[in-house]
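Work through the following exercises with the structure open beside you, and try each task before you read its solution.

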Amino acid sequence: MKDLRRRFDRFCLKHRTSGIRNLMLVLAIGNLAVYVLTRIDPSQVVYSYLCFSRSAILHGQIWRLFTYVLTYLAESGTGYYMFLALVTLLCYSQFGKILEESWGTLRFNLYYLTGVLMTDIVALIIGYGASAGALNLSLFLAVATIAPEARVLLMFFIPIKFKYMALVYLALTALNVVRYLLSFGFLSFAWLMPLVPLANYFLFFGSGISVLFPPSWRAHTPHRPRPKPTAGWASSYQSRTGERPYRHKCTVCGRTDTEYPNLEFRYCSKCNGYYCYCIDHINNHVHIQ
């Protein structure tokens, strides 16, 4: 699993700029456009063709698996609730920008797309309507994991750390689960819907959520100091070709840290790959592309 995660990280890093840039801003503009069209047209034709509908999807209207993320603002109603939804949508666009700058465009796109697909699968199985509200709200948790000590202005004037906002999100998720249980019962499995974005978060972060909790709450493993290697650690070993094992070997001259224990070695950041060079050739070699 760790090897698969490392490969995924390398793939996202290699294609960092691929995908839809400013995805949350694009979704915010799309939500605003759908809201305006919905208010102009009393019959709400646009909304009826974009919202999530299990029966319509099973009859071939597969675009609804993705377009329901554009109906978040239209479903908020009018007045105060619409204004609140608009403010939160602007906040989500800022959080998406933070994640995109930290992860890269591709990784954030995959994070959001995976959340959408997981929501689709659960909604189709249990027969409950899908909404982007819980998925958008989970961006709090993702940003808080990356920058737990950063501050945000709650209600535009109350400074609060992201890690505390994330704890509020976890509490609200728990309350939503209880609300679904009381309203629909356990066997309806509607209570799974608030947990889907949380599952998507764990898929990408794993145990990274531990940074949100005090150090005393975290599980500690006993620290075992690594043994320091001696200078002659490979003096009694050699390969079939007679070469002794080494940790570093210069790509140009072939000298190793075993044969020259006092020689410094560096890795070139401009070469395409992990190429090691001694101190004499780190600034004097042809970059490998």
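A residue is called buried when its relative accessible area is under 20%, exposed when that area is over 50%, and partly exposed in between. The model shown here is predicted.

**Exercise 1.** Describe the chain as a whole by its secondary structure, its buried share and its contacts.

*Solution.* Begin with the secondary structure, which comes to eleven helices and four strands. Next, consider burial: of the 289 residues in the chain, 36% are buried. The accessible surface of the chain is about 18300 Å², and carbon and sulfur atoms supply 63% of it. Finally, take the contacts with a separation of 6 or more, of which 56% are accounted for by residues 24 or more positions apart.

**Exercise 2.** Classify the ring pair of Phe 52 and Tyr 68, and decide whether each residue is buried or exposed.

*Solution.* A pair of aromatic rings is described by the distance of the centres and the angle of the planes. The whole structure holds 17 aromatic pairs. In the pair of Phe 52 and Tyr 68, the centres are 5.6 Å apart and the planes stand at 85 degrees, so the pair is edge-to-face. As for position, Phe 52 belongs to the loop between helix H3 (45-50) and helix H4 (54-58), while Tyr 68 belongs to the loop between helix H5 (64-67) and helix H6 (80-103), so the pair ties together parts that are 16 residues apart in sequence. Because its relative accessibility is 12%, Phe 52 counts as buried, and Tyr 68, at 2%, counts as buried too.

**Exercise 3.** Which ring does the charged end of Arg 107 sit over, and which aromatic cluster includes Trp 103?

*Solution.* The charged end of Arg 107 sits over the ring of Trp 103, at 5.4 Å from its centre. Trp 103 in turn forms one aromatic cluster with Phe 8, Tyr 111, Tyr 201, Phe 202, Phe 204 and Phe 205. A further case is Arg 255, which lies over the face of Tyr 260, 5.5 Å from the ring centre.

**Exercise 4.** Where do the buried residues of helix H2 fall when the helix is seen down its axis?

*Solution.* Helix H2 (residues 23-40) has 18 residues and reaches 26 Å from its first C-alpha to its last, close to the 26 Å expected. Its buried residues include Leu 23, Leu 27, Val 34 and Tyr 35. Seen down the axis of H2, the buried residues fall within an arc of 165 degrees, so they line one face of the helix. The face turned away from the buried side of H2 carries the exposed residues Ile 29 and Ile 40.

**Exercise 5.** What is the phi of Asn 22, and where is this residue found?

*Solution.* Most residues other than glycine have a negative phi. Asn 22, although not a glycine, has a positive phi of about 55 degrees. Asn 22 is found in the loop between helix H1 (2-14) and H2, and it counts as partly exposed at 38% relative accessibility.

Technical notes. Residues are numbered from 1 along each chain as its sequence is written. This is a predicted model: local features need pLDDT of at least 70, side-chain atom pairs count only at pLDDT 80 or more; totals for chains, interfaces and linings use all residues. Side-chain values use heavy atoms; hydrogens and water are left out. Rings of Phe, Tyr and Trp (its six-membered ring) pair if their centres lie within 6.5 Å; planes under 30 degrees apart count as stacked, over 60 as edge-to-face and the rest as tilted. Helices (H or I, at least four residues) and strands (E, at least two) are DSSP runs, numbered from the N terminus. Buried means under 20% relative accessible area, exposed over 50%, partly exposed in between (1.4 Å probe, protein chains only). A charge sits over a ring if NZ of Lys or CZ of Arg is within 6 Å of the ring centre and within 35 degrees of the ring normal. Contact means heavy atoms within 4.5 Å. Accessible areas come from the Shrake-Rupley method with a 1.4 Å probe; for residues, only the protein chains shown count as cover. The expected span of a helix is 1.5 Å times one less than its number of residues. The arc is that of the directions from the helix axis to the C-beta atoms.
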